[in-house]
Amino acid sequence: MSNKLLDKINFPSDIRSFSLTQLEDLSKELRNKTIETVSKTGGHLGAGLGVVELTIALHYVFNTPRDRLIWDVGHQTYPHKILTGRKNKIETLRQKNGLYGFVKRSESEYDPFGTAHSSTSISAGMGMKIAKDLNKDNANIICVIGDGALSAGMAYEALNNVGATNKQMIVILNDNEMSIDRPVGAMSNYLTKLLSSKQYTNVRSLLKKISEKLPKSVSKTLYKAEEFSKGLVTGGTLFEELGFYYLGPIDGHNIKTLVPILENIKTSTVDKPIFLHCITKKGKGYTPAEKSDDKFHGVNKFDLKTGQSLSSSNQKTYSTVFGETLSRAAESDEKILAITAAMMSGTGLDIFNSKHPSRLFDVGIAEQHAVTMAAGLATEGFKPFVAIYSTFLQRAYDQIVHDVALQKLPVRFAIDRAGQVGPDGPTHAGSYDITYLSTLPNFIIMAPSNQNELIRMINTAIVIDDRPSAFRFPRGTGEIDITNLNYNPLDIGKGTIFREGNEVAILNLGTRMQTCEEAIKLLNNHNIFPTLADARFAKPIDTDLIDRLLDNHKYLITIEEGSSGGFGSSVLNYIHNERIKPTTTKINNIYFPDRFIDHQLLEDQYEEIGMDANSIAKKILKFYQDNVIDFQSYNKNIKN
Ligand SMILES: Cc1ncc(C[n+]2csc(CCOP(=O)(O)OP(=O)(O)O)c2C)c(N)n1
């Protein structure tokens, strides 16, 4: 398809002289460009397709970037990126040195606030609005938030605050009746009721009221809009009660409705924040997306014609192994319950749900609530498994400290997406959980080195009944040895020696195990035969194992997929503060560097931070160069 209009434009200012009909034509081109792009790059598709018209209308009406436009979560911004100076880079999306898959301030002046974790837009917008007022700057602040994102506590804290302060900012609810899965909760029910309520079907008088203030041509269009919009009303909603001027619901795909209403909002003199309720369709305009259950929320590269995914792996993801294992265990242990915060399929809990639907609780995007609710369940003798991505669990830290650890409640944390996460980048990396959990009294923390170990750790967590426990595992697939399945719990705080060697010991925590094996192979070619141990536990650490490694080796390296202050620090703390016997063994810790790692392929991330096989081998070789007198007996052929 030709892109007659899109080819001509680079920035929103280029579309501001367009007619509404041209904007409609542009929306077709923009939609196709988005679909084509994601078919090649993978990423979030459904959400972007749902806001094509809204994106155009907002940039048409408002004076972006001076007016601040904040997209909640930011996964719906591919069309926005195309319209705001990034059209020619759009196919670099999610790749090394390419555009980010969410919103990143440094990428464009049209991105006033970085988003990726949900439900932050209204708070950030309010901060901007206060700043603008203090600076006597009348720029508009527009926050676009989805109905899924509206399930998070933070959004309510912000609505509560904004509504009470009469700040003239604009909140647009992008209501597609979808989160990643179907949205849950009372607010979602309320929005559905609002849509179907008879009250909203006769809108002529309200349209008239609004259009009276508009030029004739626009006013005519607005009348026509009635045919398309489900209804438009003000008054009487929960949002009104919260102090907003509520408008809606309107058809978020109809440019001829959207533009005049946004114009009206822009020029309105209402001394209240405005809440515009738009109804959209996730995946709109691409049949395979519209027909799929998740509306192509997040996809791999796919065939444009059929929508079929082009990725093929016959390996299981860690999330699937988690879902299957917990589901299996729940068959014989009725106390096991599972909790997700709007990430049922992402965490593998869809598998659990299909077998034990009454024991699965989806709380919406509400990680804090999920954790404290699990604490409540634990007080009553249940075995709650809270499955949350490492990065989203950050949001619930106080709940972990105060409601779980302090009370020593046996909540089980299944921490998914631990470590680097490739194209999802730094907003989604699971870097900090070992660090922030290790520092808490009472916790038991495990990290499997492969999927068989994950199975054992889940079964270990089931029997840890007197304190909180966590196991963390990475994004993506892994090896499982189905001939060697073992469901027995592990000994708490005990690691294991995986490969006996000499002089150098690698003490690995987590799924760098295979990489360590590769590094050892490289070193074997040079007559270096390290010992490789699997720590299994980040807390409590296996001090007997550490003693053994120190006593029998000249060099000890710890490795973990996480930030400083984690497992390696705990090992050092033990050696320096608790171990009585002095050691001459040199110790190094390998962990994530003190910076956020850009999005790119997972293997490139680990290479960049020196955690690939070659880097590990080089580090060990350096030790030989610096410390082993007879270094000449070792080859030096490892790539520099
Ligand atoms: C704190 C947090 N938890 C979970 C997620 C994962 N997540 C990304 S998008 C999404 C659903 C958002 O739904 P909605 O706001 O309605 O947007 P839609 O995708 O429907 O356009 C979720 C749960 C997240 N980004 N942030």
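I first looked up a contact (heavy atoms within 4.5 Å) and found that T543, I546, D547 and L550 in α21 meet V571, Y574 and I575 in α22. I sorted the residues of this contact of α21 with α22 into five nonpolar, one polar and one charged, where Ala, Val, Leu, Ile, Met, Phe, Trp, Tyr, Cys and Pro count as nonpolar, Asp, Glu, Lys and Arg as charged, and the others, Gly among them, as polar.

I noted that this is a predicted model, in which local features need pLDDT of at least 70, side-chain atom pairs count only at pLDDT 80 or more, and totals for chains, interfaces and linings use all residues. Residues are numbered from 1 along each chain as its sequence is written, and side-chain values use heavy atoms, with hydrogens and water left out.

I then looked up the axes (lines fitted to C-alpha atoms, for helices over the stretch in contact, with angles from 0 to 180 degrees between N-to-C directions): those of helix α21 (residues 543–552) and helix α22 (residues 567–578) come within 11 Å and cross at roughly 75°. That makes α21 roughly perpendicular to α22, a term for angles of 65 to 115 degrees.

Next I turned to helix α24 (residues 613–627), which has 15 residues. In α24 I found A613, N614, I616, A617, I620, L621, F623 and Y624 buried, meaning under 20% relative accessible area with a 1.4 Å probe, protein chains only. What covers these buried residues includes β15 (503–509) and α20 (513–524).

Conventions
Helix = DSSP H or I, 4+ residues; strand = E, 2+ residues; numbered from the N terminus. Expected span 1.5 Å × (residues − 1). Buried < 20%, exposed > 50% of the residue type's maximum accessible area, 1.4 Å probe, protein only. Parallel < 35°, antiparallel > 145°, perpendicular 65-115°, else oblique.
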